[in-house]
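Please read these notes with the structure open beside you.

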Amino acid sequence: MESRIMDVLGNRVLELGPKPEVSGPYRNFKLTRDADGIAWLLFDREGASANTLSADVIEELDLVLAALESQRPAGIVVRSAKTSGFIAGADVNEFRGAADPGPVETAIGRAHAVTDRLEGLKIPTVAVIHGFCLGGGLEVALACQSRIAIDGARFGFPEVMLGLHPGLGGTARFTRLVNPMQAMTLMLTGKTIDARRARSLGLVDAVTQERHIRNAVKDALFGRLKRARPGLLNTILNSGPVRGFLASRMRAEAEKAAPHEHYPAPYALIDLWEKHGGDRAAMLAAEKTSFANLMVTPTAQNLIRVFFLREQMKKLAGSGNKIGHVHVIGAGAMGGDIAAWCANQGLRVTLADMKPEPIAGAIKRAADLLGKIMRKRTDIRDALDRLMPDLDGEGVRNADLIIEAVPEKLELKQKVYAALEPKMKAGAILATNTSSIPLQDLRTTLAKPEQLVGLHFFNPVSRLQLVEVVSHDRTDPQLLKEALAFVGAIDRLPLPVKSSPGFLVNRALTPYMLEAMVMLDEKIDKVTIDAAAEKFGMPMGPIELADQVGLDICLAVGDMLRSKFGDSLPPTPAWLREKVAAGDLGRKTGKGFYVWKDGKADKTAGSPSTAQPTAEMIDRLILPMSNICVACLREGIVDNADAVDGAMIFGTGYAPFRGGPLNYARARGPENVVSALRALAAKFGGRFTPDAGWDSFK
């Protein structure tokens, strides 16, 4: 892509006239003038693989615009010299640690002045966009008079994911240009759209191919391109009475996904548009204040922290993936979905099982999944071609990686290993997707135990980003490195953990679900129990989660952990075994604690609960997770507290705005957490005893 861009901006310009004049010097921008008098302003942030907007970059952009104002070119083209895309948004590093809204608003005001200057130029301007155009990058594009997208470009405002809303004038410019209902939806959800969708909304004026850019630019700058303009409907929807009605509907929808008390940004954005959507200047001014106030909230600072946790975990994968062929054994819910995800990521996959029916079911689920996450039918077809049924299990002979995903029974797994190990090619990795069995137990019958690692995926595989990469004391370090690189290559986040019962995530999550079952024994309504966790900010309550995971899995993991950790876990109720024996396993069978319809728990059945969750109920569910995370740090299961928080967020959905269970403990105060645990232990039993690791926790 980069060579093609430079061909368009360099060699093909030479065909039309003398060598482009380069002016500057600028650290982050390249400025050239072609034979038609058009200035090409290339954004190429120094020392970075992607363009982001920092205070220094914006200050330099102001200098460039001042120079262009004096030079008076025939037109200005703004585009990126990076292969990765236009602009990825603001430099999030500059958001960390903000505590006073005053300096934030001042800095945002300076940035506003630059985008206002770009918008106010008396020279025609066009943004040429390839790759991603997100957040502040889209706001820069909106300040240009025209926008041309290269097919494949992606557009969006992801600020809500950081607890913010657009802050460089995007709230006002976007809702004026595009149907405000659609504009607000994109800003409230953080979703991205492709170039064709952007064209249909009126966000871009044309979609073309790289080879046609020069002609498209000339059409845009010299008045031959019909620009997208807001219509009468936009004016009506931005009128005062209509804004008030629509804003109330938006708040009701937002509350379903992001409660106001935990996530203030969506409601600040709705307020901004409702109050000022009819007055562009007032909305631009109010946007700065609103953005600054959001920046210093605990929610924003914790979500910014989560952003960097994700980046840190990506780096754990390293590079140099050597896995091209994956052989999955076990076509159940997990094995089938792992196989589908690997095929989706471009790998060749063979899927084996004892019977053809599970394989057929897995292929059908794969087709459904790929239909949801892929846009082109040809891409879906190609991915399904890469996913090959393998009833005879012959794929193991050529596979670089074998993933075992059979039920959680030690003897069964060892039997599988005995059959496949002699067929594995030299250097292949044997991975288990076990959720709880220590690798030290699994390896005992292997001729080459050094080839065994754990790759513990989480359900649903397509949504939960975490994969625990489990090692034991005889794991080959090179194979472990290759396993980490594989996880990164399939767009998942690896967490290196040492083998121990339940590893990190299930060991921390099991008490959460078992304590809820103890509460059921205490005649607390299941809806109230789930509401307690959701009030804290969990994406779903422990009863619903148990159904989602599968009660058979919960029972097996609980039994395994109890055999290792004894009374440090809540007791397993006898009636749970009876439900499992009766086949009431949760979502996968249609009935568990809840009845499941169309993949959702029916919480309307029976008499509605009138009891309200209490603070003690929340502590009983939540604090054991922090306690076990501290224990895992002390035991060396995981060696990094940030990675622990990242794992719990990306593997379980632990309330992201809390920043993770250890970050929550720091914010609440370790002494307060220990005191609360001691009070719970005195009232409910030793399972709440604070771990010794709290003494050194910081």
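The numbered points below take the model first, then the residue, then the helix pairs.

1. This is a predicted model, in which local features need pLDDT of at least 70 and side-chain atom pairs count only at pLDDT 80 or more, while totals for chains, interfaces and linings use all residues. Residues are numbered from 1 along each chain as its sequence is written, and side-chain values use heavy atoms, with hydrogens and water left out.

2. Val557 sits in helix α23, residues 551-565 (helices, H or I, at least four residues, are DSSP runs numbered from the N terminus). Val557 is buried, at 4% relative accessible area (buried means under 20%, exposed over 50%, partly exposed in between, with a 1.4 Å probe and protein chains only).

3. Beyond its neighbours within four places in sequence, Val557 is in contact with Ser435, Ser436, Asn506 and Thr510 (contact means heavy atoms within 4.5 Å).

4. The axes of α25 (residues 615-635) and α26 (residues 641-652) come within 10 Å and cross at roughly 140° (axes are lines fitted to C-alpha atoms, for helices over the stretch in contact, and angles run from 0 to 180 degrees between N-to-C directions). Met625, Cys629 and Leu633 of α25 meet Ala641, Val644 and Met648 of α26.

5. The axes of α20 (residues 505-521) and α26 also come within 10 Å, crossing at roughly 65°. Here the contact is made by Val505, Ala508 and Leu509 of α20 and Ala647, Met648 and Thr652 of α26.

Notes: Helices (H or I, at least four residues) and strands (E, at least two) are DSSP runs, numbered from the N terminus.
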